[in-house]
Amino acid sequence: MAETSTATKRYAVVTGANKGIGLEICRQLTSHGIVVVLTARDEKRGLEAVQKMKDSGISDDLVVFHQLDVVDPDSIASLVEFVKTKFGKLDILVNNAAISGVVLNADAFQRAFELSGCWPDGEEVWNEIETQSFELAEQCIKTNYYGNIPNGRVKGLLNDVESLTGDRIDEILKEFLKDFKEGLLKTKGWPTQLSAYTVAKAAMNAYTRILAKRYPNFHANCVSPGYCKTDLSTNTGYFTAAEGAEGAVRLALLPDGGPSGFCFLQKEMLTYF
Ligand SMILES: NC(=O)c1ccc[n+]([C@@H]2O[C@H](COP(=O)([O-])OP(=O)(O)OC[C@H]3O[C@@H](n4cnc5c(N)ncnc54)[C@H](OP(=O)(O)O)[C@@H]3O)[C@@H](O)[C@H]2O)c1
């Protein structure tokens, strides 16, 4: 979410930025002179990532580390206090942190990708690639709640942005977890592969549209980086993490009057809603 600010110095927070696309978003933002708070849930991994950026020539003034576990309210409060005290404002927030919500069998994932040359498809294939559990699904809903493309039941439930509220999204997520626990995903028409991941991202898309309506002076958008080679995809995919980062950086740098409340696939605006 980027504030349409006229101040010259701009500040960004990127979540889950110790590796993958988040780290590349940090790099690219600093190349535009933006001061980046690189956050990570694990302090050691976060500090190492900051060091990596500095070793690649990024100035000390442009990157700073702060711990952030997006599911820990104390950690969030501590980051807010840090930003307020140190910078007095925040121009850009990139909600990048996410987990898959399943146990992935990396060998099966890579085999499926090599065989098909694209994102694996089909129930049997996914039965080999992933093992789902209620605990991971719950953790995934908590962690992600951002940025995927709704389908089936989810699309129907989350499509009506005019009447949608944060409370309604909470109800939908509770309903999903209840159905997950009771083994009713298929019967009730929820996504059956990467279920919690897909539902959480759809919910985050919907919430983004609520934010865009509520805060017309902000740009609030979602972007899918495309299928990128990172740990999340067991390093399968078409794009590098750096290529995946480009869409988020473009949205973070939108000028006043740019789009808000939309979902993008890389640089392309989607029309699913
Ligand atoms: N790769 C793809 O093909 C693809 C496709 C579509 C969308 N995306 C989205 O792109 C974003 C970045 O994914 P990626 O591919 O770069 O994945 P990644 O390499 O697995 O990185 C995920 C990051 O999120 C962090 N994270 C997880 N739980 C967290 C928590 N509770 N608090 C703070 N940070 C947490 C991880 O930290 P740890 O290192 O501590 O685990 C890691 O830094 C995600 O939102 C993902 O859903 C990726």
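The exercises below, each with a worked solution, concern a predicted model.

**Exercise 1.** Determine into which domains the chain is divided, and describe what lies between them.

*Solution.* Begin with the division itself: domain 1 covers 2–97 + 216–269, while domain 2 covers 102–205. Next, take the C-alpha centres of domain 1 and domain 2, which lie 24 Å apart. Then turn to the interface, where 14 residues of domain 1 are in contact with 18 residues of domain 2, and where the two domains bury about 1,400 Å² between them, with 65% of that area on carbon and sulfur atoms. Finally, consider the polar side of this interface: the count of salt bridges between domain 1 and domain 2 is zero, and one residue pair is found in polar contact across it.

**Exercise 2.** Find which residues have the most contacts inside the largest nonpolar core, and which elements supply it.

*Solution.* The largest nonpolar core has 37 residues, and those with the most contacts inside it are Val14, Ile25, Leu29, Leu38 and Phe87. Among the elements that each supply at least two residues of this core are strand E2 (11–14), helix H1 (20–30), strand E3 (35–40) and helix H11 (241–252). A second, separate core of 30 residues includes Phe113, Ile141, Ile172 and Ala196.

**Exercise 3.** Decide whether Ser195 is buried or exposed, and name the residues that Ser195 touches.

*Solution.* First locate Ser195, which is found in helix H10 (residues 195–214). Its relative accessibility is 0%, and because buried means under 20%, Ser195 counts as buried. Leaving out residues up to four places away in sequence, Ser195 touches Gln132, Phe176, Phe180 and Leu185.

Conventions
Residues are numbered from 1 along each chain as its sequence is written. This is a predicted model: local features need pLDDT of at least 70, side-chain atom pairs count only at pLDDT 80 or more; totals for chains, interfaces and linings use all residues. Side-chain values use heavy atoms; hydrogens and water are left out. A nonpolar core is a set of buried Ala, Val, Leu, Ile, Met, Phe, Trp, Tyr and Cys residues joined through side-chain atoms within 4.5 Å. Buried means under 20% relative accessible area, exposed over 50%, partly exposed in between (1.4 Å probe, protein chains only). Helices (H or I, at least four residues) and strands (E, at least two) are DSSP runs, numbered from the N terminus. Domain bounds come from an automatic or database domain assignment. Contact means heavy atoms within 4.5 Å. Buried area is the accessible area (1.4 Å probe) that two parts lose on being put together, summed over both. A salt bridge is a side-chain nitrogen of Lys or Arg within 4 Å of a carboxyl oxygen of Asp or Glu. A polar contact is a pair of N or O atoms within 3.5 Å; within protein, one must be able to donate a hydrogen and the other to accept it, and residues adjacent in sequence count only if both atoms are side-chain atoms.
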